[in-house]
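I opened my notebook to get to know a new structure. Here is what I looked up, entry by entry.

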Amino acid sequence: MKEKLEKNKKIKVNWIEIILFLFCTIASSYFIFANLDTNTWDTYLIYADIFIGVIAALALSKRYRYAWILLLIDACFYGSVMFATGNYALAIVNVIIIPIILIFAGINWKKEGFTKEKLIKTRKLNFWQGILLVTIIAILTIGFGVFTGYIVIDLIGVSNDDIPIYQIALDAFSASIAVIAFSFSMMRYRETFFLYTVLNTVKIIMFCLLLFSFGGQEGSEKTTLFISLILAITYFFNALYGIFMWNKKN
């Protein structure tokens, strides 16, 4: 009887995941193939990151226990691209800080155990933890802003005129939220994807402003920014999906 029931089960198709993946790959492919003459390594790197990054983001939103491994690979790819586009705070966070958080996430998730469906168990944030969160984000934003604006740019030799103040500010804010969001996912808080929604909203604004600053000028950096914007939009909608999934009962 059990075998018959299993055969009669319909295959569940998650159209949200399919639509997000197709939107990201098709839109990005258009910009890649329309600018083959000007594409450089960072353009192809962000294109490759689509396939890892979107799958990793979907895996985390669905609370899959091995999502941290995919996110670890994605962080290194994404950090390299952020460095190429001048978002140095996001670059350093993705290449150095987030991989450390994700390793601890894998350990913590296994330690706390999983649901019957082998999914990550989630828990709720309390009021005082929320106040602490806002305070930490404010402190980190100022810290990353100072670090990006004065230390990294001076070390690399980039002129302050080449990187607008709004980019430094939004880059620092994004980096601080990213650190907290990944830390929250490590600690299994249900509010994790609220932070990812804010993070990707800030990224969308930042990439739009950077693209407007290019005007009619074409080149690999503009193509990379277009693909980064498409990724941010995809991650934004995935974050909304993640809010629903992480607030489901364990």
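**Entry 1: the cavity.** Which helices each supply at least two residues of the lining of the largest cavity? I found H3 (41-61), H4 (67-84), H5 (88-112), H7 (165-187), H8 (192-214) and H9 (220-246). H8 gives the largest share of that lining, with five residues.

I then checked how many cavities there are, and the structure holds one of 30 Å³ or more. I noted a volume of about 260 Å³ for the largest cavity. Its lining has 19 residues, and Leu71, Asp74, Phe182, Tyr196 and Tyr235 are the closest to the centre. Sorting the lining by class, I got 13 nonpolar, four polar and two charged residues.

**Entry 2: a helix pair.** Next I looked at H2 (residues 15-34) and H9, which pack with their axes 9 Å apart and at an angle of about 175°. Because angles over 145 degrees count as roughly antiparallel, I wrote H2 down as roughly antiparallel to H9. From H2, the contact residues include Phe23, Ala27 and Phe31. From H9, they include Phe226, Ile230 and Phe237. I sorted this contact too: 14 of its residues are nonpolar, four are polar and one is charged.

Entry 3: The mean pLDDT is 83, and 90% of the residues reach 70 or more. Over residues 4-11, pLDDT stays under 50, and I found zero contacts there beyond four places in sequence. Where pLDDT is low, the predicted coordinates should not be read in detail, so I left that stretch alone.

Conventions: Residues are numbered from 1 along each chain as its sequence is written. This is a predicted model: local features need pLDDT of at least 70, side-chain atom pairs count only at pLDDT 80 or more; totals for chains, interfaces and linings use all residues. Side-chain values use heavy atoms; hydrogens and water are left out. On a 1 Å grid over the protein atoms alone, a cavity is a set of points where a 1.4 Å probe fits but cannot get out, and a pocket is an open set with protein on both sides within 12 Å along at least five of seven lines; lining residues have an atom within 4 Å of a point. Grid points are joined across faces, edges and corners, and a volume is the space filled by probe spheres set on the points. Helices (H or I, at least four residues) and strands (E, at least two) are DSSP runs, numbered from the N terminus. Ala, Val, Leu, Ile, Met, Phe, Trp, Tyr, Cys and Pro count as nonpolar, Asp, Glu, Lys and Arg as charged, and the others, Gly among them, as polar. pLDDT is the predictor's confidence in each residue, from 0 to 100. Contact means heavy atoms within 4.5 Å. Axes are lines fitted to C-alpha atoms, for helices over the stretch in contact, and angles run from 0 to 180 degrees between N-to-C directions. Angles under 35 degrees count as roughly parallel, over 145 as roughly antiparallel, 65 to 115 as roughly perpendicular and the rest as oblique.
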